[in-house]
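User: I would like a close look at one part of this model. Please keep it brisk and take me through it step by step.

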Amino acid sequence: MEAMLDTFVFETSSLLEELDDILMRTENDELLPDDIAEIFRVMHTIKGSGAMMGLQNMSKLAHSVEDLFYIIREDNSVKYDKPAMYELLFATSDSLKNEIDVIQDDSQELTDFTELMNKIRAFAAVMKGEGAPAESDSGSSGFDLASIFPEDEPEEVMTAKVTFFEECMMPTIRALILVRNLGDIAEVCGTYPPDLNDDSSGAEILKNGLFIKFVTDSNEAVLDKLQNGIDVDKAELVTRPAAGASDAGAAAAGNIPAGVFSDDEPEDMVTVRVTFDEECMMPCIRGMILVRGLGDIAEVCGTYPPDLNDDSSGDKILKDGLFIKLMTDDNNAVIESLKKGLNVVNAELVKKPDKNAAPAAAPAQAATPAAPAAEAAKPAEAKKAAPAPKKPAGSGEKTSSIISVKLEKLDKLLDLVAEIVITESMVISSPDLKNVSGNLERFQKSSRDLKKLTDELQDVVMSIRMVPVSNAFSKMTRVVRDMNKTLGKGVTLVFEGEETEVDKSIVDILNDPLMHIVRNAVDHGIETPDERAASGKTDPPTVTLSAGYDSGEVVIACRDNGAGMDREKLLAKGRKNGILTKPESEYTDREAFSLIMAAGFSTNEVVTEYSGRGVGMDVVRKNIESVGGKLYVDSTLGEGSTFTIKIPLSLSIIDVMGIDVAGYNFSVPKNVIVELFRATPDMLMENDTLIMRRGMCLPLYRMSRVFGVPGENKPLTDGVILLCDANGSKACFFADRLIADQQVVVKPFSVLLSQYKLKEQGLSGCSVLGDGSITTILDMKEIIDTLEEREGK
Amino acid sequence: MSEENKELLDDLSGQIMTFTCSGETYAFDIMDITDIIEIPEITKIPKLPEFLLGVINLRGQVVPVMDFNLKMGKPKEEYDSKTCIIVTERDKASIGILVNRVLDVEKVTKKDIIPYPKKGSFIRGIIERDGSRTALIDWNELVGLEKK
């Protein structure tokens, strides 16, 4: 089930993205028949797979849109309000996307889309009204008997239909009295129409009758009582319109289509008839799932209708039921398993009708299922040919050049390849080779070949995880479109280098920051049309998203040709908010612009729906920095601003600085190191616990003391000081010496070690280095936080 | 032997590997052992109990190592050329156990083993042969992992 859900989420998400693409493309363009067919297909698929997953709300919503497009598809000349329809379609797309998040979170209830569905239906009705007025009449007044039978209704609940005389006055009051009178002999669970106090219910009762749901010991007594009510014309019990459980037995023999049973059937083969409720969508798929589910307990020899992949089988199943031929040791288990299926109303064993009795039963239904008779030969043949379990669903022999793979598997593969690369360098540069006196020429050649191959392997594995950055970019079209609607700025979004490929995990990380930056660019960056005209700008307002590589980093930039940022204004605002750390004159332009990424900074006077709450940019910066990336801001007043994100190409490999602390080999991630320097005696203060550096007075810790290892007395001027900055908390650390500047693949500690809470103490994992030695990776943020906390106490 | 103890020893493979430590003889079930190696360079990791010496690089895998002497509460013995690391693996997590000297591989049957009465001890049972005693180690208890 979990795997099915994953697939459903994956497929539906991609379908919805497809839908968004089409909508964006066609909103201000002509809606071509191909697009209509495509939208229809998307909705049809979501309807089907949603129903299969039991997600009725999504399925029905998709159904309503499908209906809408059915009208457009059938009659291309039909007139409709296109902008209004697109609003509905976007709303649908958003609701469905949202629901995908909801279904993955067990704690959330499924959303009710009734309101949106009604809007879509109303829209479809208007469309139909213009195209075919006659149809809309019958459509709106249609009464669906099935609608009064909820799917989860217990079996013992009976439904009575009461019809009143046409001249009956105040039918609602009559109905109320009837219901009250039943109090002694039955327990009334509900009525239809549900609200008898509502005047409009009266008309409905007169037209369709009053339905009362109740539980009782004596149906006769209830009917008798109802029959004797004032103005009551008739009272009768009604059942669910589908082939219900109660009367299925009687009808069974009569309803079995010819061709279900063949003459040469083995005696131990049993036939089970499964009836689905009328609302059931895609009965064929349900059938297949049922048949597949039986795999463990029975050997399925065939079904009727024989081909469950054929769409026309669906109607047959709904009408006569699905017949499954099988051999089993335990009939009851089979029936139980079938009854548990979704939308299944009943499952029962059916017997082959007697040869003599058959002709008698046949005429009753000979008129209707004429088609099955023609197909009768097929199942018989199939049964002869395949006594082994036959899977009707196994016919999907489509070949595809694309497969989807779980990300975990790729992660594992990447890990392994990283190991191979490291092991390889251990073998090739093994110290043992120095002691070998003989000729190593062949060894050297082979190792060069090996290195070439492993390098290639590493490249290929990395490339498997690569996806074009356009995945993240295309989501922004939607953001800009929505903002254009509300802000009326008419911004054009341009992509450059969207085919640039980056690691899948980077695309996932980029989504949120990009959204913020693009919103900012449109909301703050681009001026209103009036302002643009006033400043004499003639070029259309544009936001450009670009992507590319630069020395091992992915560079994503968002450029706008708006107002740009005013250095003085930013500094003034910074002064007001008290976030300036040095005299204003010392701020470079870049530093001044970077102020907007500080927490609690927003220059926009008006808070809009999109931005201006003063959270935003600092969150964006933190998100990017948390994965080792950097965010830069550049701006020219009057010409626009550029936000640049730089993220290392691969996230699993990090740059570290190796340090030696009393014989321990530690590695500090380079993204937290501000600088490395050697201390001079005049820098040290307060018993060597503080250090002055670049006008800042910072706490100084001996790395050895932080981890409680020996090496206490080395003079502080003798080793190296690391100035670290983890999310704004700065501190200096003393280490004996630097070892190397290297790249490592971080591995978490094995469970045997992690039970000693190493992670909580600032040790994030280990890594095997190229020479085979092991280093411990430090989590400086954790260390600084712990130290600050301790000092606080 | 009680029923319970029979069950406890049911997973025995029938062969044990014996080793000495501070003059006493201990044994592992041979099925628990994946490797016996010489002492490579051990990388120290701070903030661990004394008996956990650090980690070693075993064919690219980072494997923690514990000193059996220290774990048993005995004083530390100098390592020599006979000292080696017994590597065991459970639930995909390997651990190396540093012992002074590996002795032999012996055959045992269930009835050779006298169950150890104390619960929660490293020792599953005692094997008495020719007047000498060998203690059979319970791997799970030794490593201190929660039993699943």
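In what order do the four strands of the open sheet in chain A stand, and is the pairing parallel or antiparallel?

Analyst: Keep in mind that this model is predicted. The open sheet of chain A has four strands, and their order is 2-3-1-4. The pairing is antiparallel. Now look at the edges. Strand 2 of chain A covers residues 186-192, and strand 4 of chain A covers 232-238. Each of these two has a single partner strand, so one of its sides has no neighbour in the sheet. From one strand to the next, the twist averages 25°.

What holds such strands together? Strands of a sheet pair through backbone hydrogen bonds, and the pairing can be parallel or antiparallel.

Zoom in on one pair. Strand 2 of chain A pairs with strand 3 of chain A, residues 210-216. The sense is antiparallel, and the pair has six bridges.

Helix 9 of chain A spans residues 219-227. Helix 9 lies across strand 1 (158-164), strand 2, strand 3 and strand 4 of chain A. Its direction is at about 160° to strand 4 of chain A.

For context, turn to chain B. Chain B has three helices and eleven strands. From the N terminus, its elements run α-β-β-β-β-β-α-β-β-β-β-β-β-α. Of the 148 residues in chain B, 30% are buried.

Notes. Residues numbered from 1 in each chain as written. Chains lettered and ligands numbered in written order. Predicted model: local features only at pLDDT ≥ 70, side-chain atom pairs only at ≥ 80, totals over all residues. Pairing = 2+ DSSP bridges. Axes fitted to C-alpha atoms, helices over the stretch in contact; angles between N-to-C directions. Contact = placed C-beta atoms within 7 Å. Buried ≥ 20, exposed ≤ 12 C-beta atoms within 10 Å, placed from the backbone.
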